[in-house]
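Subject: Handing over a structure

Dear colleague,

I am passing on a structure that you have not worked with before, together with some notes on what was found in it. Please look through it first and then read on.

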Amino acid sequence: MTDELLYQIALSWLYRWRLRDEKALLARYGSASEVWQHVDEDTKPQAMAKAQAELEFIHQHGIRTYYYQDADYPLRLQQCPDSPVLLYGKGPLQLNGGKMVSIVGTRMATDRGKELTRRLVLDLKELVPDVTIISGLAYGIDVAAHRAALEAGIPTVIVPAHGLDRVYPTIHRPVAVKAVEQGGIITEYTSGTEPEKWNFVARNRIIAGLADAVVVVESKAKGGSLITARMAQDYNREVLTFPGRTTDEQSQGCNKLIRDNQAVLIENAEDLTRVMQWQVERPKTLQTEMVGLTIDLTKEQQTLLDKLHEQEEGIHINLLVMETQRPYSEVVGDLMLLEMNGVIKSLPGGIYRALK
């Protein structure tokens with residue numbers, strides 16, 4: 001396997017800006033070693049020298065690799081057309097099981113944003129214990145998400161914009177060390193890669209692609225977290241965000257996502273689990289009450305049902321919230337009850353439709 005890995009590293013370095021070309025060659029020839037036989041001879045020496053140095057680094061530091069053709073390559077990420085062909089990981093990474101939630105936001109997070117992040121993660125631990133938190137270790141919301149996961153005792157995955165020979169920012173090294181024990185770090189970049197500006201944009205697609213859902217906690221009108229949200233939409237991932245006051249600079253991006261129907265408004269972890277339709281851990285007494293539901297509807301539930309019957313193709317939940325002028329958490333709760341009664345159906349993207 002070492003020889004094949006050597007070719008995998010060499011090809012991934014050689015085709016680092018042409019991922020789709022590399023995947024097409026792999027589909028045609030079957031393996032990295034076979035593709036290598038068809039590579040231009042003039043490009044081989046430099047690529048092989050890089051691969052040999054990286055292979056030595058991997059062996060020295062106990063780094064694990066995930067190749068696009070491997071069974072343990074992240075399946076969610078594999079579905080993305082621009083996913084990396086080769087990933088380097090450190091720690092007991094479990095990337096193909098459980099619930100995967102990416103949490104992103106501004107580096108200039110407010111105390112409110114940090115507390116929203118912490119509360120979201122701690123509550124997710126109680127509702128869906130098999131959850132993993134993904135982020136990028138940056139200042140602000142990113143590191144708050146990792147710290148909350150460590151506090152909750154659940155796995156957290158760091159996706160850096162550089163190789164595994166460094167931690168950036170260095171002040172977050174203690175968080176990275178603990179994350180490696182409790183989750184891991186994964187990157188497409190080889191050792192020696194600096195945290196250049198363009199690498200952060202590229203790594204955002206991994207944060208989006210690894211997840212089932214991407215949560216934007218706080219964001220200015222422009223920022224990397226909005227790029228991650230757009231990538232998540234392209235990958236058909238659910239995008240969710242917390243609303244903020246119109247005067248809050250750190251909430252402008254979040255409010256715009258909601259206004260443009262590019263993200264589902266949430267207020268807490270339970271909202272997220274309802275949108276994702278995840279089965280949650282609940283006390284037995286509550287489960288018993290829910291089993292006994294009848295078709296008797298409240299006035300508010302009937303209003304929602306009537307509005308859904310008016311639009312055969314369905315209505316986005318954000319529009320229902322605006323039209324009924326009710327709190328999001330109440331609307332999503334009533335929608336869940338209506339669905340359990342079999343009178344409506346939830347569709348991808350936060351759309352609800354009445355059943356005939």
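Which residue stands opposite Ile185 in E6? In this predicted model, where local features need pLDDT of at least 70, side-chain atom pairs count only at pLDDT 80 or more, and totals for chains, interfaces and linings use all residues, the residue opposite Ile185 is Ile158. Residues are numbered from 1 along each chain as its sequence is written, and side-chain values use heavy atoms, with hydrogens and water left out.

Strand E6 covers residues 184–187; strands (E, at least two residues) and helices (H or I, at least four) are DSSP runs numbered from the N terminus. E5 pairs with E6 in the parallel sense over two bridges, where pairing requires that DSSP finds at least two bridges between the strands. Strand E2 (residues 86–90) pairs with E6 in the antiparallel sense, over three bridges, and Gly89 has Ile186 as its bridge partner in E6. Both faces of E6 are covered, since Gly184 and Ile186 on one side and Ile185 and Thr187 on the other are all buried, that is, under 20% relative accessible area, with exposed meaning over 50% and partly exposed in between (1.4 Å probe, protein chains only).

E11 is joined to strand E12 (residues 351–354) by four bridges, and Leu347 has Ile351 in E12 as its bridge partner.

The axes of H15 and H16 come within 10 Å and cross at roughly 115°. Among the residues that meet there are Ile317 and Leu320 in H15, and Val331 and Leu335 in H16. After H16 comes Gly342, whose phi is positive, near 80°.

Some details of the backbone may also be worth checking by eye. Most residues other than glycine have a negative phi, and most peptide bonds are trans. Gln325, in the loop between H15 and H16, has a positive phi near 55° and is exposed, with a relative accessible area of 72%. Asn236 lies in the loop between helix H10 (224–234) and strand E8 (238–241), and has a positive phi of about 60° although it is not a glycine. The peptide bond from Tyr168 to Pro169 is cis, with omega near -5°, and Pro169 is placed in the loop between strand E5 (156–158) and helix H8 (173–182).

Lastly, the structure holds zero disulfides, a disulfide being a pair of cysteine sulfur atoms within 2.5 Å. Cys80 is buried at 3% relative accessible area, and Cys254 is buried at 0%.

Note on methods:
Axes fitted to C-alpha atoms, helices over the stretch in contact; angles between N-to-C directions. Contact = heavy atoms within 4.5 Å.
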